[in-house]
Amino acid sequence: MSVATQPITEVNPLQDPLRFARRIPPCAIVIFGASGDLSKRKLLPSLYRLFYERRISQNFAVLGSSRTPMSDTDFRARMKESVSKFLEDAPFDEEVWNSFEQSLFYVAGDLTNPASYIDLKAKLDEVEKSHQTAGNVLFYLSTQPSHYADAIKELGAHGLQNGNGWRRVIIEKPFGHDLTSALKLNEDIHQVFDEENIYRIDHYLGKETVQNILAFRFGNGIFEPLWNRRYVDHVQITAAESIGVEGRGAYYQEAGALRDMIQNHLSQVMATVAMEPPTVFDAENVRDERAKLLRAVRVMKPEDVAKYAVAGQYGPAKVGGQDLPGFRQEPSVTPDAQTDTYAAVTFYIDNWRWAGVPFYIRSGKRMPKRVTDIAIQFHAPPLGLFTQQTRAGDFREARPNLLVLRIQPEEGISLRFLSKSPGSGMHVRPVSMDFNYGSSFGERTPTAYETLLVDAMAGDPTLYTRQDMVIASWQIVQPILDSWAQTKFEFPNYASGTWGPKASDEMLARQGHVWRVP
């Protein structure tokens, strides 16, 4: 059969360069927690956009479910308001919405009430016939993490994990509160769903720049030979937020920055940066290498936590003429909260590629700007022949090369190298080669949730975390959590609008390094 006539379904979807050109099968998507922020801000706008661009099957349906009583018509009206408000980089088309909303349905119910699942099953049977969804169902748990196990159990008790087509479940983070609870949750879910049908979502892995790390490393022969301890001095991964907890004080007080960002998002980013090349680019090989990398991360001994991990909490400050509250003054937060709103950790990867190279990871709230990036700092030349002129007019030893992978707010890549300054004298100054997704491709970049929803419907788990990856990431942060739980911190220890506590700078200074300012 020639390429021109070969059906799309015979193309290997994991090696298809046009991810969104894949044929997505008919299916129904059940969103538990459909009245929550995630559904309104991310899930429904993403599904609408996929429908608008004809990237999903016309034979699909969305079943929203939450405790709030409402009819299909009410649900459609609420979702229309949300989609038109939160749709990113795209116009809202009334005509397209009128067609899209015909596939939106609602079933009121309590996740802990068995009767709710009877109603859900009846609605799914009805939709399967009316919208020709072929019995394929994607369950999305956009609920409080404490409800995950109960919801999975009830799905199994009512036979909803089986049907005429495939049945898959997407589980939002956090996956567990610590190592013990993550192991228990895995055990509970596996009582109902096989691992191949469990999709643990981490939206950072759906971001274009995070995916592009793989293409950048393994698709270009000039970079991969430098990607090791011989050429890389250290790596910094920063995820900074300029906002505070934004009304999520109660949740954040229980979570903290280490759990909320480093255990999941940033450990997976680190694994993507540092993993070995897969033998074949498919879901299992890619995830095997990520998991292998996480298992190679050195687990801290209790006595090393104070040296390699720093906790911080923002205090009140006046920024830009505005009085910003400290974390302890936020709504629903106790006045003596010991929560880390900032966490910085030094990780070491004990394998041949990265032995001795520190990976510095930090994440915090109320910092000077919103930015997430990865900075690969290369070694300086063995002999410093040139000096660099600073803006102040003095001279210093030239800085080494730096590669920055920008995840947000603008996705792109920047490579810093040295060039001779114009004029007399052999002095150099840093210049950059910049790649920006928006200007280079001239087209809209799919949002992370668009990408991940398409992958789940297509049955491609490459960008989802597997159970061994989740457990490995908990194992490397658990000693830090245990140590911090027994420590009385003198919080707050950094002011809103700053780059974190002094102890974080000191952690790098002990290695002869400094945090770069993004």
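Trainee: How many cavities of 30 Å³ or more does the structure hold?
Mentor: There are 3 of them. Keep in mind that this is a predicted model.
Trainee: And what volume does the largest cavity have?
Mentor: The largest cavity comes out at about 120 Å³.
Trainee: Which residues lie nearest its centre?
Mentor: Those are K173, F175, N264, T465 and V470, out of 13 residues that line the largest cavity. Two elements, α8 (249-274) and α13 (467-485), each give two or more residues to that lining.
Trainee: Okay, changing topic: what is the volume of the second largest cavity?
Mentor: The second largest cavity has about 90 Å³. Its lining is made of 13 residues, with P45, S46, E88, T447 and E450 nearest the centre.
Trainee: Which helices supply at least two residues each to that one?
Mentor: α1 (37-52) and α12 (448-458) do. The most comes from α1, which gives 5 residues to the lining of the second largest cavity.
Trainee: And how many of the lining residues are charged in that second cavity?
Mentor: The lining of the second largest cavity has 6 charged residues, along with 5 nonpolar and 2 polar.
Trainee: Great, thanks!

Key: Residues are numbered from 1 along each chain as its sequence is written. This is a predicted model: local features need pLDDT of at least 70, side-chain atom pairs count only at pLDDT 80 or more; totals for chains, interfaces and linings use all residues. Side-chain values use heavy atoms; hydrogens and water are left out. On a 1 Å grid over the protein atoms alone, a cavity is a set of points where a 1.4 Å probe fits but cannot get out, and a pocket is an open set with protein on both sides within 12 Å along at least five of seven lines; lining residues have an atom within 4 Å of a point. Grid points are joined across faces, edges and corners, and a volume is the space filled by probe spheres set on the points. Helices (H or I, at least four residues) and strands (E, at least two) are DSSP runs, numbered from the N terminus. Ala, Val, Leu, Ile, Met, Phe, Trp, Tyr, Cys and Pro count as nonpolar, Asp, Glu, Lys and Arg as charged, and the others, Gly among them, as polar.
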